[in-house]
Amino acid sequence: MAIDIGGTFTDTVLVQGTSRILATNKTATTPNQPALGALEGARRVLAMVGREWRQITGMIHGTTLATNALIERRGARVASITTAGFRDILEIAYERRYSQYAINLVKPDLLVPRTRALTIGGRMDVQGQERTPLDESAVDGLAADIQRLGCDAVAICLMHAYANPAHELRLRELLRERMPGLVISLSHEVSPEAREFDRLCTTIANAYIQPLMATYLADFASGFAAEGLECPILMMTAGGGMTTVQTAAELPVRLVESGPAGGAILAARIAREVGETEVLSFDMGGTTAKLCLIDDYRPQTARKFEISRAERFIKGSGMPVRIPVIEMIEIGAGGGSIASVDRLNRLAVGPHSSGADPGPAGFGKGGSKPTVTDADIAQGLIDPTRFAEGRLQIDKNASETALAHHVGQGLSLQADQAAFAISEIVDENMASAGRMHAVESGKDLQARLMIAFGGNGPLHATRVARRCQAERILIPRDPGVGSAVGFLFAPVSFEIIRSRYATLDALELDQMNAFFHQLRDEAERVVRAGAPDGPLDARRVAFMRYHGQGHEIEVELPDRNLTTPDLSDLRHDFEAEYRRQFNRTVPGMTIEIMNWGLTVSAPVMAPPKYVKKEEGRYIEPSETTDILCDVTGDWCKAGVFERAALTDGDLVKGPALIIEPQTTTLVSADYDARIDSTGNIWLTKLAEART
Amino acid sequence: MTTPQTRLQVMWNRLLAVVEEQGQALVRAAFSPIVRECGDISAGIFDFDGRMIAQAVTGTPGHINTMAEAVKTLRGHFPVQDMLPGDIYMTNDPWIASGHLNDFLLMMPVFFDGQVVGFTSCTSHLIDLGGLGMGPEGADIYDEGLLIPPCKLVDRGEINTLLLDIVKANSREPIANEGDIYALIACCEAGASRLSQMMAEFGLLDLAELSEYIIETSRKGTIDAISELPQGTWRHVLTVDGYGSEIELRAALTIEKDQVLLDFAGTADCTNKGINVPLNYAAAYSVFALRCVIGSDIPNNAGSLEPFRVIGPKGCILNAQPPAPVAMRHTLGQMTPDLVYGCLSQALPDLVPAEGASCMYDLPLRHVPEAVERGEAPFALELVFNGGTGARPTLDGLSATAFPSGVWGSQIETTEAAAPVLFRRRELRPDSGGAGQYRGGLGQRIEVSAASDRDFMVFLSVERIRNAAKGRFGGQDGAAGRVRIGHDGPDLPGKGELRVGAGQTLVFETPGGGGYGPPAERCPEALAQDVEAGLVSAEGVECDYGDGK
């Protein structure tokens, strides 16, 4: 069973074997006690198929609770302790404004104000040598300050602690003696990478949510145990792996943004199943769209992301969190994104969203502003009678009125033209963000298979794909609960990235091997708690760059002790990847390595054998509807199909709509749809429409 | 047939995305730390006539309209009919490109269906172009290094190897320079290929209609914003430290119903040190400052820039003429926003912030000259620190934050990994933010010494040591910058070379921003918070905020 607690809905999925989905369910999230909604969802799926608690052999949980606690500022009162002389790491940050022209900008709230920023004497240098011993005589004073400030958690981040953690460990010990109940996060445990600002932020974020998450996880586990669940619960992490409840309670920052990671895992799983090595996952929901690049069945990962941005979609306006994550680009473009016209008569869509309440104008819940969903309704792409299994009656007139009033008037457009224009803008925004992300990653979107899911992904997939030059799209089964399904395919794993400066020419192999042994021991201990038996896989990487450059290139290392001949392979691999990204190498330039990573994971079950077939037969629709064609901009007839009624080998000619309970797939006029043996929909651009 | 407006807008959005992609490609491949850390680059797309239609929003405003003008100039040098696919032109002439020799500007014609339809261009800062290196000591441009007049760098895809060899032979960093030049070429090519891809996708044969739409919409939007401003002429004088003796910068700002004119008449003449500023660069920072307040939501292009005109008498320090030395033109260039705001705040008192630290506090650290002979590893660090920004009319200033430049500050841990230095302190300077109803941002105090038993060199070119950031409308001045060796050492001037002995500590304090409005009007809770946080000391309250408030 997999449970994904989102901001609005809690998704529950029950699966048998490797991929047979028995039941899925969406219930409203219960924000005050999220475990209650989760229990309700679990009971329902069990009842749907007549199974019992004790039959569940695995339980995977992902939650936005950690993310929301940060966004909604519901965490602990945290004090920070940094090295004397460096009280203002947080205030000074990178000394920059995130928006060039905004003179009135306000910097993000980084959770610990200067009044709670404490320091202690003692200094390690970059080699991890002690320059000044820890000032143990100051600890009594620190404890008194923490008490006086009313703090229940402390984030300790001392200079160069990733190179030598002795002072952090000793300080924790001394504080624990004086304040046994105090929650303490140490920077070298949370994020052992160089760059004091990023590491301090990550440590603070961890300390901030630790008390809340520890309580929540204990409640969740005991609630399910009381119902009769016998198997252990594993938690989904942002890095796309699973970890134990114990580890999650110690490093809760790793749970932040774990929900969307499930979607990328699902896409990676499907990519492996169907044998596609270059994929773009496209997850479009009600508020945002998320894109992820997936190569060789592995979602692209990053070592850093941002939380609590002052401007949600502006890079650099938030608090950096430096942990291993599945890298996703998030755009303020969802079904609820609001369209408006600015003073230059430019049409803008999002990032503001009407949310679940009041929602799009067409939902008739009091919303009056036109949204992307209203535009889709006005273009005939959403069947008013069958939306959300008919539980929500759509008011097409309300959508058209909102479109005509807020967009059409300013631009002298009819409601349907306004709707078309909104689609063009929002689809272009998503495609642009995707292209930009690909460029930043040194990759290309062309020739990629797009795997689309989420409530609005299948509806917008062709329109976005066309603008990214992607010619093939796959819509998996149950696209509406994609993230939760993805959880089921995540491995038990743990990744550590640690800074250790070296140049390739002067790499001390014995020391490096000892360093990796230590990383391996640490990671394996965590993984064994969740996967006690069986073999484990390990993946080692080095983040390499030419001296003087800022952009690091990830190079995979063999999973064994390095020997001298490996060095030339390393250089070769680095240069090959560099050449791929920048068309040339820089002979004679020193190659340096600042960070090293190791992931230990338990293998996941292989997907069932997939048979790829090309033949099929066109089937005729039993009904048609009028839609505004996204290719020509003219009204036309489109076939309407129930997804559940389509079977292996069925071919559908665009324009058509394929409807299922949680979403609709738009087959544009320049696309064909084909159903495969596992129920996926493949959308393929017609040869004559290709450019 | 005319294209629907939303379609044109989608294409405009796409162009903006293309230039951002172009800019990102350059930043990622660059070697120069100032490019990597500070995004000191520019990337743009131009129409057939050389009018800029899109520009990447990058780290520093120094390229904002220098590039727009440079491409026009460069295009004028070479007949379009002689251009072939794969050609790329370049120059680093400070008076054409971006104000000093380190900035290389490339321009590439974009071909579609066999015809030139437009141009892509990019600029990036190269580490070293020979001469005396980046510093204010050159007596003229010839001392400052290699100047390359407008020329063809790439001929039908083949790089001019002689030119590349000349650049390498004249540099202390030949490998990095070569890498940066290739990064620039790749950036131009990436922009060109994306642009023609986009034209194919949207079925365009040329850029004429799109370019007209972008430029007209932007020009009209900017003029609308200008027409809402009070009309008239306002003057201001800003005194800056200079190198050796103080300098007066003067400006007259005239707002008319459809344009804004800035005139530097009366500004002091050039000096014999490399802090002189070519007009294109002074204009870039001045127009940036104006655009922060006037029509800031309109993207940069020929249309939005057209209503702003900047002039100055030839030979004044903000319109330096060849062969004046200009290597450190940013030192004063970054002060021009305070000069412009001195005028503008008279017209728009509620929209313009107080003066800030403004000039970035570069801290270039080097090995001592004899280190190489002694067989020690040489090192060179380009550290950037910032002071406080001026208080805003409704908000406090930002502490230790870059403005007007968009540079990123350094991290201590990565800095100590890159060179043998040890930082003892980096903290905000209490009481350095100018008191006021809204307080200026605080400066910071940095203490650094050698990590080993070796001396090291410092090359200073900073401002606001003698002339602190002024407050506005009763707000007090921010603290001036201060540099010394050892806590009790004498105060040192802001420009020149220093040698810091082993065991000594360089104390480097950046300026605070000016306050806005009388301190007596400061909200008592805000003042109490400042005191509790230690941003304002008890003495500071006594002395700056008066009678126990």
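I began with helix 1 (residues 34–49) of chain A, which has 16 residues and reaches 24 Å from its first C-alpha to its last. That is close to the 22 Å expected at 1.5 Å a residue, the expected span being 1.5 Å times one less than the number of residues. Helices here are DSSP runs of H or I with at least four residues, strands are runs of E with at least two, and both are numbered from the N terminus.

The model is predicted: local features need pLDDT of at least 70, side-chain atom pairs count only at pLDDT 80 or more, and totals for chains, interfaces and linings use all residues. Residues are numbered from 1 along each chain as its sequence is written, while chains are lettered from A and ligands numbered from 1 in the order in which they are written.

I asked which residues of helix 1 of chain A are buried. I found A:Pro34, A:Ala35, A:Gly37, A:Ala38, A:Leu39, A:Gly41, A:Ala42 and A:Leu46. Buried requires 20 or more other C-beta atoms within 10 Å of the residue's own, with C-beta atoms placed from the backbone. The partners of these buried residues include strand 2 (9–16), strand 4 (59–63) and helix 7 (196–227) of chain A. Just after the helix, A:Gly50 takes a positive phi of about 65 degrees.

Next I looked at chain A as a whole. I count 16 helices and 36 strands. Its radius of gyration, taken over C-alpha atoms, is 26 Å, which agrees with the value near 26 Å for a compact globule of 691 residues. The rule is 2.2 Å times the number of residues to the power 0.38. Buried residues make up 53% of chain A.

Chain B has 13 helices and 19 strands. Its radius of gyration is 24 Å, close to the rule's 24 Å for 549 residues, so chain B is as compact as a globular protein of that length. In chain B, 61% of residues count as buried. An automatic or database assignment divides chain B into domain 1 (5–219) and domain 2 (353–549). Their centres, over C-alpha atoms, are 34 Å apart.

Last, the cores. A nonpolar core joins buried Ala, Val, Leu, Ile, Met, Phe, Trp, Tyr and Cys residues through C-beta atoms within 7 Å. The largest has 351 residues, and those with the most contacts inside it include A:Val78, A:Ile422 and B:Leu106. Contact means C-beta atoms, placed from the backbone, within 7 Å. Beyond four places in sequence, B:Leu106 touches residues including B:Ile88, B:Met90, B:Leu153 and B:Cys188. A second, separate core of twelve residues includes A:Phe574 and A:Trp596.

Note on methods:
Two residues are in contact if their C-beta atoms, placed from the backbone, lie within 7 Å.
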